[in-house]
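These are my notebook entries on one structure. I set out to look up its domains, its nonpolar cores and its pockets.

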Amino acid sequence: MAEIIVQDKLFHLRNARMSYIFRLTGDGLPAHVYWGARLETLQSPLDRLYFESREEDYCHNTMELEKLPQEYPTYGHGDLGRGAVELTAADGSTAVDLVYTGHRVIEGKPALTGLPASFDQSGKARTLEISFADALLGVKVILLYTVFDDCDIIARSAKIVNESGSPITLDRVMSASVDLYDAEWELITLSGAWARERMIDRRPLAPGFQGVDSARGDSSAQNNPFMALVRRTTDECHGEALGFALMYSGNHTELVQVALNRTARCQLGLNDAHFRWLLEPGETFQAPEALLAWSENGLNGMSAQYHRLVKEHVVRGKFAHAQRPFLLNNWEATVFDFDEEKILNIARRGKEAGLEMFVLDDGWFGHRNDDHSSLGDWQVNLKKLPHGMDGLADRIHALGMKFGLWFEPEMVSPDSDLYRAHPDWCLHQPGRARTEQRFQLTLDMSRPDVCEYVENAVAAILDTAAIDYVKWDMNRDMSPVGSALLPPERQAETAHRYMLGLYSVLEHLTARFPDVLFESCASGGNRFDLGMMYYMPQAWCSDNTDAGYRVLIQYGTSLVFPQSTMGAHVSHAPNWQTGRMSPLKTRVNVAMWGTFGYEMDLKELNEQQFAETQADIAYMKAHRDLLLYGDSYRLKSPFEGDTAAWMVVSPDQNGAVVTAVRMSSHPNERRERLRLNGLAPEKLYHIEELDTDLTGQELMHFGLPLAFEPGDYRSLRFTLETK
Ligand code: DGJ
């Protein structure tokens with residue numbers, strides 16, 4: 001059971017494994033004390049032993065304050081680091097001095113107004129709501145801290161209330177801030193670009209600022225809203241790891257400031273670049289939620305906390321724990337060049353192979369025969385689909401398959417009826433050129449009328465045709481960002497208001513169509529974040545479907561996200577993004593580590609490959625629960641060597657599937673040994689592919705031989721079952 005112990009001025013949040021502790025100084029500042037393995041008792045001078053001066057020296061209006069590890073620091077009364085909240089008052093002043101005013105402990109986990117937030121259905125989570133106020137400004141800050149019972153994560157958020165009679169301008173609001181006692185950490189981020197998303201980057205902390213951000217309007221392929229701090233010796237299975245993930249899909253920042261006495265101030269929240277928020281008297285600003293994970297069992301340990309969080313406390317609706325259909329998507333097979341007959345032929349072959357759902361991608365509406373037009377005009381193109389969307393959906397259903405459809409609802413093409421009718425409905429700034437990307441503009445989702453249009457346009461199609469799945473795409477960055485509807489003093493609110501508008505549309509649509517499975521996508525993986533996952537249980541990892549690259553992308557993604565969220569499909573070789581040839585077997589083995597499907601015309605396969613595909617899909621069906629919802633472990637990192645390996649273990653530890661991919665062939669090689677993880681040491685496992693029995697202990701300590709065939713991008717799969 002999660003618990004929150006409040007003793008004198010000390011707040012101790014803990015579950016069976018982890019403790020997070022802070023206290024109030026004599027004059028009401030929140031000081032960070034401890035975050036690590038569960039502490040049974042706490043002697044009060046614990047943290048004070050570390051300080052150079054007496055307790056009373058670390059207080060308001062002393063320059064010693066910056067040596068005090070804090071929980072939500074502010075500028076202007078002694079601390080000189082980056083403030084967690086920065087604002088400008090009506091008189092132009094910028095100092096903020098927050099003093100404790102009260103707290104309460106809440107059973108469970110409150111929702112956040114207008115924003116996605118983790119939830120708790122078990123009734124075992126506990127939340128501390130603690131308030132601070134600046135009496136001079138009349139500003140109140142309410143911090144929430146939730147401790148979960150089943151995962152070692154603290155959810156944090158911040159709310160700012162203007163209780164004064166004058167407006168204030170928020171210049172920066174962090175969701176969480178933690179001052180760690182030392183800076184002997186390495187920083188891990190998931191950084192990259194389009195088609196090579198979430199590459200693992202690891203570097204030691206250095207003095208000054210470091211971290212990642214996005215000011216692109218989406219959470220971005222460049223920098224996922226996540227960072228981890230690990231010790232130099234931390235690896236996949238050993239050592240301390242702290243995770244910081246933001247549940248948000250727009251502009252964000254995650255940063256570490258290594259300060260004068262080598263402490264590390266970690267903060268995450270909305271990116272303050274191009275951000276300002278006018279808070280009128282009586283108004284409240286809610287910052288997104290931050291999820292802080294702790295593990296002493298390496299990166300796999302940290303990932304296990306996030307995976308449990310996502311499965312139990314983030315993904316909602318009927319698909320949260322349900323099977324996902326194995327799908328066939330026509331994008332890489334046809335791009336825009338299709339008609340009903342072609343689509344039905346592709347679907348028929350997919351059905352013969354054993355696939356369960358056909359997804360029609362981009363190009364079914366307006367007069368969209370390439371990417372130059374029609375976004376916003378969500379009317380079916382009857383030249384391509386003469387029987388309408390309902391006609392196509394019925395025909396696909398008659399084959400015995402479910403039917404899914406692609407949308408890109410947040411966008412508008414300059415060549416569209418929507419744009420001609422409402423040129424002001426896109427993000428723009430007065431007098432400036434409207435920067436196009438992929439020949440399209442971004443609709444201004446900060447406007448209620450635009451949100452209403454988007455919601456109705458999608459709902460109209462979902463109401464008329466039997467659609468089981470929606471792929472919600474978003475294919476450009478946002479620049480310049482501005483809204484025709486907001487007054488000048490609120491222009492810098494547009495980017496965040498956009499996200500609030502989008503979240504409300506998603507909330508309405510997912511509630512109105514609870515039987516539809518939603519998959520999010522943004523030029524592949526530009527918006528692979530916890531915010532999107534709250535509405536859509538799975539996300540397309542990347543436009544790069546090349547198995548050799550997907551190994552890296554999925555390996556990085558798995559640091560935070562479980563395989564049940566990772567859209568992964570088998571595609572054609574040579575791959576259209578990288579030109580790489582990889583064996584069909586490897587493409588399947590890699591796509592298995594996600595929500596499985598195909599992104600090709602299966603008629604391209606010869607008879608032998610088709611038979612192999614039927615067998616692969618049958619294998620997937622036989623192991624689908626284990627593969628989708630089992631506990632996953634990374635075993636060998638492709639960022640550190642030539643071999644990647646991972647495995648998935650059933651919760652009862654009676655079954656497992658292990659996969660290894662070797663990037664390049666080396667002659668006269670010694671066989672690598674692959675040590676497994678997560679098995680029951682005493683159980684005897686039959687390894688199907690080797691026709692051998694070994695105990696969990698043998699498999700975890702001695703391991704399996706990796707006897708790859710000669711050739712690049714070869715792979716192995718092992719299926720384990722207890723005897
Ligand atoms: C980007 C997506 O990632 C692709 O899968 C595809 O849906 C295209 N957009 C369609 O324009």
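This is a predicted model: local features need pLDDT of at least 70, side-chain atom pairs count only at pLDDT 80 or more; totals for chains, interfaces and linings use all residues.

Entry 1, domains. I began with the domain assignment of the protein chain, which gives domain 1 (69-314) and domain 2 (634-722); such bounds come from an automatic or database domain assignment. I noted that 37 Å separate the centres of the two domains, taken over C-alpha atoms.

Residues are numbered from 1 along each chain as its sequence is written, and side-chain values use heavy atoms, with hydrogens and water left out.

The core holds 192 residues, and L360, W364 and M389 touch the most other members. Helix α6 (residues 448-464) gives the most to this core, with eight residues; helices are DSSP runs of H or I with at least four residues, strands are runs of E with at least two, and both are numbered from the N terminus. Because domain 1 and domain 2 both give residues to this core, it lies between them. I then listed the contacts (heavy atoms within 4.5 Å) of M389: leaving out residues up to four places away in sequence, M389 touches L360, W364, V380, F403, L405, I461, A465 and I467. A second, separate core has 22 residues, including I687 and L699.

I took a pocket as an open set of points on a 1 Å grid over the protein atoms alone, where a 1.4 Å probe fits, with protein on both sides within 12 Å along at least five of seven lines; lining residues have an atom within 4 Å of a point. About 660 Å³ of space lies in the largest pocket. Its lining has 27 residues, of which D235, E236, C237, R634 and L635 are the closest to its centre. Both domains give residues to this lining, so the largest pocket lies between them.

Of its 22 lining residues, N300, G301, A304, Q305 and R308 lie nearest the centre. The largest share of this lining, eight residues, comes from α1.

Note on methods: A nonpolar core is a set of buried Ala, Val, Leu, Ile, Met, Phe, Trp, Tyr and Cys residues joined through side-chain atoms within 4.5 Å. Buried means under 20% relative accessible area, exposed over 50%, partly exposed in between (1.4 Å probe, protein chains only). Grid points are joined across faces, edges and corners, and a volume is the space filled by probe spheres set on the points.
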